[in-house]
Amino acid sequence: MAYFARKIGLLLFALFVAVTLNFFIPRMMPGDPAQDLMDKMQGIPLESLEAIKAAFGVDSTDPLLLQYGKYLLNLIKGDLGISISRFPTPVGRVLQVAVPWTVGLMGTATIISFFLGTIIGIGVAWKRNTKLASFTVGLFIFVRSFPYFWLGLLLIYFLAFRIPIFPLGNAYTPQLERGTLEFFLSVVKHAILPALTIVISSMGAWILTMRNNMINVLAEDYITVAEAKGLPLRRIKTLYAAKNAILPSITGFAMSLGFVVGGGLLTEMVFSYPGVGLMLYQAVQSKDYPLMQAIFLFISVAVLVANFIADIAVLILDPRVRDGGK
Amino acid sequence: MFRDVFSLFIENRKALIGLIILAFFSIVAIFAPLIAPYDPKTNKVEVLSIVEEEIGRTKTVEREEIDEFTEKRVYTQSITTTYEKVTTKLPLNAKPSRNHLLGTTRAGQDLFSQMVYGTRITLAVGLITGLFTTLLALTLALVAGYFGGIVDDIISLFTNVFLVIPSLPLMIVIAAYITVKGVIPIVLILGLTSWPWPTRVLRSQVVSLKNRDFVRVSRILGERPLYIVFREILPNMISLVMASFFTSTMAAIMGEATLEFLGLGNVSVVSWGTILYWAQNSGALLSGAWWWFLPPGICIALIGTSFALMNFAIDEISNPKLRKR
Amino acid sequence: MMNRQESEQLLQCRNLVAGYRIKSGFVHAVDDVSFDLERGGFLGIAGESGCGKSTLAFAIMRLLKDNATIENGSLFFKGTDLVGLREEEMKKIRWVDISMAFQSAMNALNPVLSIGEQLTDVIHAHGEVRQSEARDRAIEALKLVDIPRDRFNSYPHQLSGGMKQRVMIAMALILNPDLIIMDEPTTALDVVVQRTIIEKIQELRKSLGFSVIFITHDLSLLVEISDTLAIMYAGKIVEYGNSDELFNMPLHPYTIGLMNSFPSLTGKITRMGGIEGKPPDLLNPPEGCRFHPRCPHAMDICEKSCPALQKVDPRHSVACFLHKGAENL
């Protein structure tokens, strides 16, 4: 279980670093965001101003360490401050609304992309020498190099603008009532293009990784032994080849799950999808520091946790790790 | 040994295609002023000619509008000569035509010239950042992998931690806070957020090489660490280092385009990313100006493909199992 | 057309040619090889690395793939020629009648499945068997190789080298084959463990009655256990026959060289032998006798023609102009 303990330790330490970075970066950057803040807040009543200052930690009368302490305390209480651009909504509330959209869209898309990509990768490796395999690999090398926000633009242009099959953006048609079937369908319809963008551009990585892993595994002796033993092809393909080949991918998958939260930013921007990414971008544009900090922290935490889950998954799947750790 | 690797590389068809694409864009970048028909930022063309010699002061003799875009002005300047300046304003938002191979932007700038000049920045940022990242990663990897112990623990710890911090949000947040905008900050930001991954990859290779017999023999024989690192370990990692370099460069090109697209770089510099930024901000998509946002994306994809192909070739060379049978 | 003596033979290899097709030509890893193996017999095949031994093993099992093929010759197994047999027919023979124990120091065992699973899946692949019965048979097989039943759920990495090899042997005999081909089964193990494995093989042979083709580069192993010995060099068999006779009177210079290469524990201290030079390139083997560049007794004729395997005794053949064959030219 040393492996497990190590991973938990790493998780906690990384969380700590993320939180600390989040605290110190704004205070270390050139330019004075605090002053910007003050300048903007010209017409606001004094109490609110005080609240903002406190939320942002602009109370620089306290020594730095004390500020840091207060910051940590606030975090534990769940108080992330008040959003400036959406004053007086607390940051936590903004996140609460945005997170489901991001997780829903990106999460689904990433999972689909992983499964499709892995399966295609296995297939392409198994039938290596066919024209179809070479073509598929070549195609995805090319597609993978598209900047994926650009891919989104392309999809919008062709499938929403030229031929208006899909909507141009947003997560749902605003007039519809929540909870109805129509609403649900509208959500799905709005999610298709952004999801497609993500799936197309990220599938390539899985295909190539899985293909490489499979090819390496297929050259191993235990595959030859399995064939000699006369095992059915399906069993060789799954329990002997794929199960070994997928191990390196799992870590990658978990890492990408982490990026679910952060990486969707561009897609959300292009599609005006009201998720965490878009919030971050808008926060940056309007210099809404509390919101920015909170989102960044949220993303970091999500990534770290996802990573940790990946490590645990490897623990479960690979008997070698269970015993000694790599 | 280099020659062997080189010739193997050239023979591989994938690598060849990748190399050709890269060479093409490099040539375009280097010879940009000769290839681009217009200045990328201007929206007019001025042709100045001398009409006759005369003595007098500056005075507009005549002004003629030839068509909605072109105006001719004849004027004299003191003591010397009479000039004729024909100013042709470039059409706004024009579709591709003979004069403008890729059309024009909403502000009347020739897109073909922009793409040509943009190649310089895009390639330069990509290659420099890739080089910077790879060198940094390699150094850290060699130090951590070879010396092991506490040094390794510390470096690995930081690598692992920074590895997990998502780079795009980090880049955006940093870019939002800094006030100096430009190409150099972008290179720095990109470099500082992308070093962890290659460091980890290279380090594990260093460690596995370090434990191979031929290195252990050298250590027992008492060879100096510098010798072992540079003459025994490093030469066996060349293919991996090259692959890292290609990957980092590609990531940098994408990253640059992304940051510029978000408007976080210097939007008055012409690069493929800024072209996309202006395209998006001028509503190119919704006004159907496909010639504005299509070329940058396609070119980025082409360069990306070229690096990916070369990476593939390197994989195949160093891992014979991957070669076509 | 087979006479009665021949039909007692389990495996008859006749003029087998097999190898790899590469860009510049065909590598003759097995070049015109012939031998016999009787029921219950033990044939040892010895030779340096790269002489074609493993290719021969894979050829017999019809496991050659992609650019590796059998070009010519026959492999009569219980009367049927395995060469040219359709794959569906071969599947009925492979592992059921002929099986193989791989060198398990290489990755011959699937790291993510328990050894029990790897034993039972063979059973399931060759017939409808209930899970419990398969499990019992697997445990029986493990018992035969002295592996306790509580290791049934162990994973390969939890076993020692010797145990892994024994698992491989259990896997090879679990369907009760007539012939087991063992490809370097003891190469990566230390001498003590080697001994136990060899003894175990002999013991199992006595009780179960299967034949063995034992492939190795270590001639000393074959001294006590083999009935027949074949010495391979550069794709050809250069000496062949009853192992006692071969050991007492090695004829081919290569065999002599091999035997001189291991020191004796008794007797005078003599200079260590060894064979100069290195094995030839099988893509372009030397003209004439393939061994002549390294042979201390090479004659003119050796450079020009390749000697054929000729009987010098009823149970001893050699391919060398020093002993026979020169008069046929």
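Colleague: What is the confidence of chain A, and where is it lowest and highest?

Modeller: This is a predicted model. Chain A has a mean pLDDT of 75, with 78% of its residues at 70 or more. Within chain A, helix 2 (residues 33–40) has the lowest confidence, a mean of 56, and helix 9 (residues 221–228) the highest, at 88.

Colleague: What makes up the secondary structure of chain A?

Modeller: Chain A contains 14 helices and zero strands. Of its 326 residues, 42% are buried.

Colleague: Why is W101(A) called buried?

Modeller: A residue is buried if 20 or more other C-beta atoms lie within 10 Å of its own. W101(A) has 22 such neighbours, so it counts as buried. W101(A) belongs to helix 5 (residues 91–126) of chain A.

Colleague: How do you know that the buried residues of helix 10 of chain A line one face?

Modeller: The buried residues of helix 10 (residues 233–245) of chain A are I236(A), Y240(A), A241(A), A242(A), N244(A) and A245(A). Viewed down the helix axis, they fall within an arc of 165°, and therefore they line one face. The face turned away from this buried side carries the exposed residues R234(A) and T238(A).

Colleague: What makes helix 4 of chain B and helix 7 of chain B oblique to each other?

Modeller: Helix 4 (residues 111–147) of chain B and helix 7 (residues 183–194) of chain B have axes that come within 9 Å and cross at roughly 40°. Angles under 35 degrees count as roughly parallel, and 65 to 115 as roughly perpendicular. With a crossing of roughly 40°, the two helices are therefore oblique to each other. This crossing, too, is right-handed.

Colleague: What is the phi of S272(A), and why is this residue called partly exposed?

Modeller: S272(A) has a positive phi of about 50°, yet it is not a glycine. The residue is placed in the loop between helix 11 (247–271) and helix 12 (276–285) of chain A. S272(A) has 14 other C-beta atoms within 10 Å, so it is partly exposed.

Colleague: Why is D32(C) called partly exposed?

Modeller: D32(C) has 17 other C-beta atoms within 10 Å and is therefore partly exposed. It lies in strand 2 (residues 25–38) of chain C, and has a positive phi of about 60° although it is not a glycine.

Colleague: What does UniProt list as "transmembrane region" in chain A?

Modeller: The unreviewed UniProt entry lists several spans under that name, including residues 137–163 and 183–208 of chain A. In the model, residues 183–208 of chain A are 100% helix, with end C-alpha atoms 38 Å apart. Residues 137–163 of chain A are 85% helix and 0% strand, with end C-alpha atoms 29 Å apart.

Conventions
Residues numbered from 1 in each chain as written. Chains lettered and ligands numbered in written order. Predicted model: local features only at pLDDT ≥ 70, side-chain atom pairs only at ≥ 80, totals over all residues. Buried ≥ 20, exposed ≤ 12 C-beta atoms within 10 Å, placed from the backbone. Helix = DSSP H or I, 4+ residues; strand = E, 2+ residues; numbered from the N terminus. Arc of directions from axis to C-beta. UniProt positions renumbered as here; feature names shortened; annotations may be inferred. pLDDT = per-residue confidence, 0-100. Axes fitted to C-alpha atoms, helices over the stretch in contact; angles between N-to-C directions. Parallel < 35°, antiparallel > 145°, perpendicular 65-115°, else oblique. Left-handed = near helix turned anticlockwise from the far one by under 90°.
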